[in-house]
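Please walk through this structure with the model open beside the text. The paragraphs below are meant to be read in order.

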Amino acid sequence: MSDLDAAMLDMGRRARAAADALRATTPDARTEALHRLAEGLRAAEAAILSANARDVSRARDGGLSEALIDRLALTPARVEGMAVAVETIAAQPDPVGGEMARWTPANGLDIARVRTPIGVLAVIYESRPNVTADAAALCIRSGNAAILRCGSDCLDSSRAIAAVVTSALAEAGLPADAVQLVPVPDREAVGAILSGLDGAVDLIIPRGGKSLVARVQSEAKAPVLGHLEGLCHTYLDGAADLDVARRVVLNAKMRRVSVCGATETLLVDRAAADRLLPAVAADLITAGCELRGDPEARALVPNMSEATEADWTTEYLAPILSVRLVDGVDGAVDHIRRYGSGHTEAIVTTDEKAAERFANGVDSAIVLINASTQFADGGEFGFGGEIGISTSKLHARGPVGAEQLTTYKYVVRGQGQTRP
Ligand SMILES: NC(=O)C1=CN([C@@H]2O[C@H](COP(=O)(O)OP(=O)(O)OC[C@H]3O[C@@H](n4cnc5c(N)ncnc54)[C@H](OP(=O)(O)O)[C@@H]3O)[C@@H](O)[C@H]2O)C=CC1
Ligand SMILES: N[C@@H](CCC(=O)OP(=O)(O)O)C(=O)O
């Protein structure tokens, strides 16, 4: 066994012990840890920014694209944003022990379904340092122990943030091993996590693109809650309001092109394409977006290049948008079923029936009506932060906050009943 495998197994054992210890902690202690974490992030701003500067400089030297540098880079405002997210999570109701339902069947037993932590969560995520703080905070709020494996480009920043997490846990009297960061960039550690660390990992949460997906699918030995690529669509229905369509599409594509909730394909109802597409396309082109369309779309917008089959399956994470004309809601739903990744889709329409048909027909984690796909975000949903956007069908879908990181058990109270 390699030294790294042995270290990972030890991390798993310590995480399991911490998860057991966390079950005995109070909501107040967890809230206290979150407040200490928020204060600690502010106090450690200089150390976090200087670690981040090292990460950014290494990433630039290694040729990382500017969109990915934007994800990686921290500023004083972004550190403050992390602290505020942790405070928002601290202010949320603690989900652990919450009663989801309670009833008494004919046998007279008092049955309660009660929220419990899942146990040990292993989160593998991209080089975005705020995820280290968000994931740590959500795991603390939900009483789970966490093993965090950040993207290799943000290791220095994440180490600085994880040091603050460890201190906050200790100051609040919680086990310091409740949140552990894998301290090395080797991908061998990802393999170890996927092996389940000798049964220590209850749930693997992979957050990333195709290469990670492929590895998780072939190697994972513990349950997986996938937070995978966002091939998101916006559909302009024949009954769309033009002003709303222009605002929503521009934001869905261009607000931040590198996030998983960015729209990658625009679908337009053939019946109204000549009314809608030229102005929507002009806004995008002015904002610096490259358009790739099918022949009918290109006939309406001269400076649009030709889309190939590969464009319908590509998550650009860049200022590029594929455009296709479809036959109404049914055509849009067919396209999304065939090419979507189950993340987020939007319809723009003034026709409530069309909106309802779209919402029922599309089976993605999030369906928006007359709003931008970029709202796919735990903070925007009021969760304070997010582990990510679950693209799995079980056990949680869409933005995953503290409540979604719990499972449940039944607590059954009797008065000496025996079963006949
Ligand atoms: N649904 C959601 O919530 C989210 C989805 N995403 C998706 O993530 C993708 C973009 O992120 P990107 O930075 O490219 O993510 P990557 O998939 O490249 O990286 C994510 C993490 O997976 C690791 N990883 C990737 N491939 C492998 C492999 N073969 N073996 C072991 N570890 C691996 C990376 O490690 P290393 O650093 O060593 O490469 C990193 O820790 C997009 O598809 C986006 O939609 C992003 C954020 C949230
Ligand atoms: N949902 C959040 C983050 C999305 C996300 O994680 O994107 P990214 O890590 O940049 O691919 C947001 O929209 O800011």
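Predicted model: local features only at pLDDT ≥ 70, side-chain atom pairs only at ≥ 80, totals over all residues.

Residues are numbered from 1 along each chain as its sequence is written, chains are lettered from A and ligands numbered from 1 in the order in which they are written, and side-chain values use heavy atoms, with hydrogens and water left out.

Start with ligand 1. Its shell holds 26 residues, and the closest are Tyr 125, Ser 152, Arg 187, Glu 315 and Ile 389. A residue belongs to such a shell if one of its heavy atoms lies within 4 Å of the ligand. By type, the shell around ligand 1 divides into 9 nonpolar, 9 polar and 8 charged residues. In this division Ala, Val, Leu, Ile, Met, Phe, Trp, Tyr, Cys and Pro count as nonpolar, Asp, Glu, Lys and Arg as charged, and the others, Gly among them, as polar. Helix α9 (residues 210–219) gives the largest share of the shell, 3 residues. Helices (DSSP runs of H or I, at least four residues) and strands (runs of E, at least two) are numbered from the N terminus.

A backbone N or O atom of Gly 208 is 3.4 Å from an oxygen atom of ligand 1, and for Gly 230 the corresponding distance to an oxygen atom of the ligand is 3.2 Å. At His 227, a polar backbone atom lies 3.5 Å from a nitrogen atom of ligand 1. On its own, ligand 1 has 900 Å² of accessible area, and the protein covers 86% of this. Accessible areas come from the Shrake-Rupley method with a 1.4 Å probe; for residues, only the protein chains shown count as cover.

Now turn to ligand 2. Around ligand 2 are Arg 71, Glu 126, Arg 128, Arg 207, Ser 258, Val 259, Cys 260, Ala 376, Asp 377 and Glu 386. This shell divides into 3 nonpolar, 1 polar and 6 charged residues.

The next topic is charge pairing. Side chains of opposite charge can pair when their charged atoms come close. A salt bridge here is a side-chain nitrogen of Lys or Arg within 4 Å of a carboxyl oxygen of Asp or Glu, and the count by this rule comes to 34. In one of them, the closest N and O atoms of Glu 32 and Arg 36 are 2.7 Å apart. Both residues sit in helix α2 (residues 27–43), and because they are 4 residues apart, about one helical turn separates them.

Other pairs span more of the sequence. Arg 270 and Glu 296 form a salt bridge at 2.7 Å, N to O. This pair links distant parts of the chain, 26 residues apart: Arg 270 is in the loop between β8 (263–269) and α11 (273–286), and Glu 296 is in helix α12 (residues 295–300). Asp 363 and Lys 393 meet in a salt bridge at 2.6 Å, N to O. Asp 363 lies in the loop between α14 (352–361) and β13 (366–369) and Lys 393 in the loop between β14 (389–390) and β15 (398–399), so their pairing ties together parts 30 residues apart in sequence. Asp 363 is partly exposed at 43% relative accessible area, whereas Lys 393 is exposed at 54%. Buried means under 20%, exposed over 50%, and partly exposed in between (1.4 Å probe, protein chains only). Salt bridges also join Arg 54, Asp 55, Arg 58, Asp 156 and Arg 159 in a network.

Last comes the surface. Met 100, Trp 103, Tyr 408, Tyr 410 and Val 412 make a nonpolar patch of about 470 Å². The elements giving two or more residues to the patch are β1 (99–103) and β16 (406–413), and β16 gives the most, with 3 residues. Patches are made of residues with over 30% relative accessible area and no salt bridge, with like charges joined within 9 Å and nonpolar side chains (Val, Leu, Ile, Met, Phe, Trp, Tyr) within 5 Å. Trp 103 is in strand β1 and is partly exposed, with a relative accessible area of 33%.

Notes: Polar contact = N/O pair within 3.5 Å; in protein donor to acceptor, adjacent residues only side chain to side chain.
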